[in-house]
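Hi,

Here is the structure I said I would pass on.

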Amino acid sequence: EALRLLQQPAKRVLPLAGGQSLVPQLRRDIPSPLADEVDAVVDLAALGLRYVELRIDATGQWLRLGATTTLTDITEDRLCRALAGGILAQAAQAAAPVNVRNVATVGGAIASSRATPPGMPSQFVLALLALAAHVVIDDGQRRVLPLPRVLADPAHAIGRGIIVELQ
């Protein structure tokens, strides 16, 4: 249903998870080009994308971070605190104050990465890069892309799909 809404022809519909970066850009009382371009948002909260899981298979083991997992979830999760000396949990904690971490999501951190000052990705995104993360995008078909490719042009890489998880 979320994909159907996002892929409506002739409509500019954006996914909304935590809204930390998106909502301020959509306010109509503050001049913003995005506010005039967006017709609707699709709330992703009920899609079951808030999780941290360890996946083990024949190729190895890795963490799966659901797109609506908050940065607070990352800071508190034992798997994230144990991975690579805790780099991911530490970076999530350093990325923002607690009130922002409570709503900022993993998917939002990636989707809004172009909104940060040029050449200055968040510490959380830098930690994901150091860990060679991949982004799973669903636009009717699931695609797994290396994080640097998504960060180079998030709008093109994500298109009218949604970030489902990071691995």
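Leu147 sits in helix α10, which covers residues 147-152. Helices here are DSSP runs of H or I with at least four residues, strands are runs of E with at least two, and both are numbered from the N terminus. Before going further, two housekeeping points. This is a predicted model, where local features need pLDDT of at least 70 and side-chain atom pairs count only at pLDDT 80 or more, while totals for chains, interfaces and linings use all residues. Residues are numbered from 1 along each chain as its sequence is written, and side-chain values use heavy atoms, with hydrogens and water left out.

Back to Leu147: is this residue buried or exposed? Leu147 is buried, at a relative accessible area of 0%. For these labels, buried is under 20% relative accessible area, exposed is over 50%, and partly exposed is in between, using a 1.4 Å probe and protein chains only. Leaving out residues up to four places away in sequence, Leu147 touches Ile110, Val125, Leu128, Leu129, Ala133, His134 and Val135; contact means heavy atoms within 4.5 Å. Leu147 and Ile110 are 37 residues apart along the chain, with their C-alpha atoms separated by 8.5 Å.

Ile110 has its own list, again not counting residues up to four places away: Val125, Leu128, Val135, Leu147, Val150, Leu151, Pro154, Ile163 and Leu166. In the largest nonpolar core, which has 38 residues, Ile110 is one of those that touch the most other members, along with Leu65, Ile74, Phe124, Leu128 and Leu166. A nonpolar core here is a set of buried Ala, Val, Leu, Ile, Met, Phe, Trp, Tyr and Cys residues joined through side-chain atoms within 4.5 Å.

**The chain overall**

The protein chain has 11 helices and 7 strands. Of its 167 residues, 42% count as buried. Taking contacts with a separation of 6 or more, 59% are between residues 24 or more positions apart. The chain exposes about 9200 Å², with 55% of that supplied by carbon and sulfur atoms; the areas come from the Shrake-Rupley method with a 1.4 Å probe, and for residues only the protein chains shown count as cover.

**The second largest pocket**

This pocket holds about 270 Å³ of space. The search used a 1 Å grid over the protein atoms alone, and a pocket is an open set of points with protein on both sides within 12 Å along at least five of seven lines; lining residues have an atom within 4 Å of a point. Points are joined across faces, edges and corners, and the volume is the space filled by probe spheres set on them.

What lines the second largest pocket? There are 14 lining residues, and Trp62, Leu63, Leu83, Leu131 and Gln167 lie nearest the centre. The elements giving two or more residues to that lining are β4 (60-66) and α5 (78-82), and β4 has the largest share, with 4 residues. By class, the lining has 12 nonpolar, 2 polar and no charged residues. In that count Ala, Val, Leu, Ile, Met, Phe, Trp, Tyr, Cys and Pro are nonpolar, Asp, Glu, Lys and Arg are charged, and the others, Gly among them, are polar.

Arg101 belongs to helix α7 (residues 98-101) and is buried, at 11% relative accessible area. Setting aside neighbours within four places in sequence, Arg101 is in contact with Thr70, Leu71, Thr72, Thr75, Ala92, Gln93 and Ala96.

Arg142, by contrast, is exposed, at 53%. Arg142 lies in strand β6 (residues 142-146) and touches Val136, Ile137 and Val164, not counting residues up to four places away.

Ser112 is in the loop between α8 (106-111) and α9 (123-130), and is buried, with a relative accessible area of 17%. Ser112 and Ala155 are 43 residues apart in sequence and 9.5 Å apart C-alpha to C-alpha.

**Backbone points to check**

Ala84 has a positive phi of about 50 degrees although it is not a glycine. Ala84 lies in the loop between α5 and α6 (87-95) and counts as exposed, at 51% relative accessibility. Ala132 also has a positive phi, about 55 degrees, and sits in the loop between α9 and β5 (134-138).

Cheers

Notes. On a 1 Å grid over the protein atoms alone, a cavity is a set of points where a 1.4 Å probe fits but cannot get out, and a pocket is an open set with protein on both sides within 12 Å along at least five of seven lines; lining residues have an atom within 4 Å of a point.
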